[in-house]
Amino acid sequence: MAAKPKSELQRDAERTRSELLAVATEVFAESGYSGARVDVIAERTRTTKRMIYYYFGGKEQLYLAVLEKAYRGIRDAEQKLQVNHKNPVEAVRRLAEVTFDHHIAHDEFIRLVSIENIHRGEFIRRLADLPQLSAPATSLLDEILRDGREAGVFRDDVSALDVHLVISSYCVFQVANKYTFGYLFDVDLADTSQRAHLRHMIGDVVVGWLTNRP
């Protein structure tokens, strides 16, 4: 049997690594770092622990790769966003709604963030590139806020980080607190019939805040 070309072997390796990361994301999100077992990841991917260690080096390195991939996902979604700089009000609403959509579609990201905060950021601090990776999130907001101020529609005492904090807080809450909040107030935040309402709400909150000029 002829050996596979080098390019095909590389594609196989990339596909295997991607599959391992996808399953590892599920397992870490379900069980946390302490509770997750490499044996379970190996079983779900029908591979071996040895193969996982070959690609990632160990459980900690695999978890770090999962964290980095999760954060890259939301940053990629933000960078792909095409905003209308001639209409900053619509632009900031669109950014808020895209963030909401991504968090709802990737609830494992929220669980991973919650787990990492339980560990007081022990592992994320080892990802030296993440702060730089997060810079575009506020850079885009800086541009939108500048456009809004130049157009005379946005207040000038709010920073991009302020807006990012408000949007992220609202979106994270939808996933992180859906069970406790749902039980206490008899509401299902995951109910798709409420999705459009909740999505529109964060846009209204941000736009109303920014356009309420003191």
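Biologist: Hi! Which residues line the second largest pocket?

Modeller: In this predicted model, the second largest pocket is lined by A22, T25, V66, K69, A70, G73, H102, H106, E108, F109 and L112.

Biologist: And how much space lies in that pocket?

Modeller: About 160 Å³.

Biologist: Which helices supply its lining?

Modeller: Helices α1, α4 and α6 each supply at least two residues of that lining. The largest share comes from α4, with four residues.

Biologist: How does the lining divide by class?

Modeller: Five of the residues are nonpolar, four are polar and two are charged.

Biologist: L112 is on that list. What does L112 touch?

Modeller: Leaving aside residues up to four places away in sequence, L112 touches T25, F28, A29, Y63, V66, L67 and A70. Among these, T25, V66 and A70 also line the second largest pocket.

Biologist: Nice. Now the core: how many residues are in the largest nonpolar one?

Modeller: There are 33 residues in it, and those with the most contacts inside this core are F28, I41, I52, L62, Y63 and L112. At least two residues each come from α1 (6-35), α2 (38-44), α3 (49-56), α4 (59-79), α6 (107-118) and α7 (130-150). Helix α4 gives the largest share, nine residues.

Biologist: What about a second core?

Modeller: A separate core of 25 residues includes V83, A160, I167 and V207.

Biologist: Back to pockets. What volume does the largest one have?

Modeller: Its volume is about 590 Å³. The lining has 27 residues, and Y71, R75, V113, I124 and H164 lie nearest the centre of the pocket.

Biologist: Which elements give two or more residues to that lining?

Modeller: They are α4, α5 (88-105), α6, α7 and α8 (160-176). The largest share, six residues, belongs to α8.

Biologist: And by class, what does that lining have?

Modeller: It has 13 nonpolar, nine polar and five charged residues.

Biologist: One last thing, about Q174. Where is its place?

Modeller: Q174 is in helix α8.

Biologist: Is Q174 buried or exposed, and why do you say that?

Modeller: Q174 counts as buried because its relative accessible area is 6%, and buried means under 20%.

Biologist: Which residues does Q174 touch?

Modeller: Not counting residues up to four places away in sequence, Q174 touches F100, I104, L189 and L198.

Key: Residues numbered from 1 in each chain as written. Predicted model: local features only at pLDDT ≥ 70, side-chain atom pairs only at ≥ 80, totals over all residues. Heavy atoms only, no water. Core = buried A, V, L, I, M, F, W, Y, C linked by side-chain atoms within 4.5 Å. Buried < 20%, exposed > 50% of the residue type's maximum accessible area, 1.4 Å probe, protein only. Contact = heavy atoms within 4.5 Å. 1 Å grid on protein atoms, 1.4 Å probe; cavity = no way out; pocket = protein on both sides within 12 Å on 5 of 7 lines; lining within 4 Å. Points joined across faces, edges and corners; volume = space filled by probe spheres on them. Nonpolar A, V, L, I, M, F, W, Y, C, P; charged D, E, K, R; others polar.
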